[in-house]
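Hi everyone, thanks for making time today. Please have a look at the model on the screen while I talk.

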Amino acid sequence: MTFSIWHLLALVPITIGIVSVALTGNDRAIGRWAFLIRLFVLCAFGVALSFVLRQRDENVASMIMVLYVLAAWYLVPYWATERLRDMGVQRKYWAVLTNVPVIGWL
């Protein structure tokens with residue numbers, strides 16, 4: 001088995017998640033419903049953005065969607081950190097698991 005640059009691609013969301021959690025400096029906590037509403041709005045925005053970008057140039061649409069995915073990879077662990085505080089979990093780095101491929105959706 002050979003190692004290629006594509007193997008490192010899985011580390012990109014994990015790295016963004018670590019940066020997001022590290023930058024979470026407040027001690028704010030959010031409840032279950034606030035967390036779900038934020039996730040729903042993020043997903044709804046992505047769906048609306050895909051419909052709008054369907055009519056655009058393919059390269060521009062791809063770049064905008066990449067920026068959306070990067071923003072989502074940053075926001076979800078940030079919000080998960082606040083949700084973990086509401087649940088009483090002291091170690092905020094558990095939120096990084098939301099960006100780990102395959103494990104995050106569990």
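This is a predicted model: local features need pLDDT of at least 70, side-chain atom pairs count only at pLDDT 80 or more; totals for chains, interfaces and linings use all residues.

Residues are numbered from 1 along each chain as its sequence is written, and side-chain values use heavy atoms, with hydrogens and water left out.

Let's start with helix H3, residues 58–87. Helices here are DSSP runs of H or I with at least four residues, numbered from the N terminus. H3 has 30 residues and reaches 43 Å from its first C-alpha to its last, close to the 44 Å expected; that expected span is 1.5 Å times one less than the number of residues. After H3 comes Gly 88, with a positive phi near 90 degrees.

Which helices do the buried residues of H3 pack against? They pack against H1 (11–22) and H2 (32–53). Buried means under 20% relative accessible area, exposed over 50%, and partly exposed in between, with a 1.4 Å probe and protein chains only. Among the buried residues of H3 are Ala 61, Tyr 68, Trp 79, Glu 82 and Arg 83.

Arg 83 counts as buried because its relative accessibility is 13%. Not counting residues up to four places away in sequence, Arg 83 touches Ile 30, Gly 31, Arg 32 and Phe 35, where a contact means heavy atoms within 4.5 Å.

Now, the salt bridge. The rule asks for a side-chain nitrogen of Lys or Arg within 4 Å of a carboxyl oxygen of Asp or Glu, and the count comes to one. Arg 38 pairs with Glu 82, the closest N and O atoms being 3.0 Å apart. The pair links distant parts of the chain, with Arg 38 in H2 and Glu 82 in H3, 44 residues apart.

Finally, the surface. A nonpolar patch includes Ile 5, Trp 6, Val 66, Leu 67 and Leu 70, and its members together have about 870 Å² of accessible area, from the Shrake-Rupley method with a 1.4 Å probe, where only the protein chains shown count as cover. Patch residues have over 30% relative accessible area and no salt bridge; nonpolar side chains (Val, Leu, Ile, Met, Phe, Trp, Tyr) are joined within 5 Å. H3 gives the most, with three residues. Val 66, in H3, is partly exposed at 44%.

Key: Helices (H or I, at least four residues) and strands (E, at least two) are DSSP runs, numbered from the N terminus. Patches are made of residues with over 30% relative accessible area and no salt bridge: like charges are joined within 9 Å, nonpolar side chains (Val, Leu, Ile, Met, Phe, Trp, Tyr) within 5 Å.
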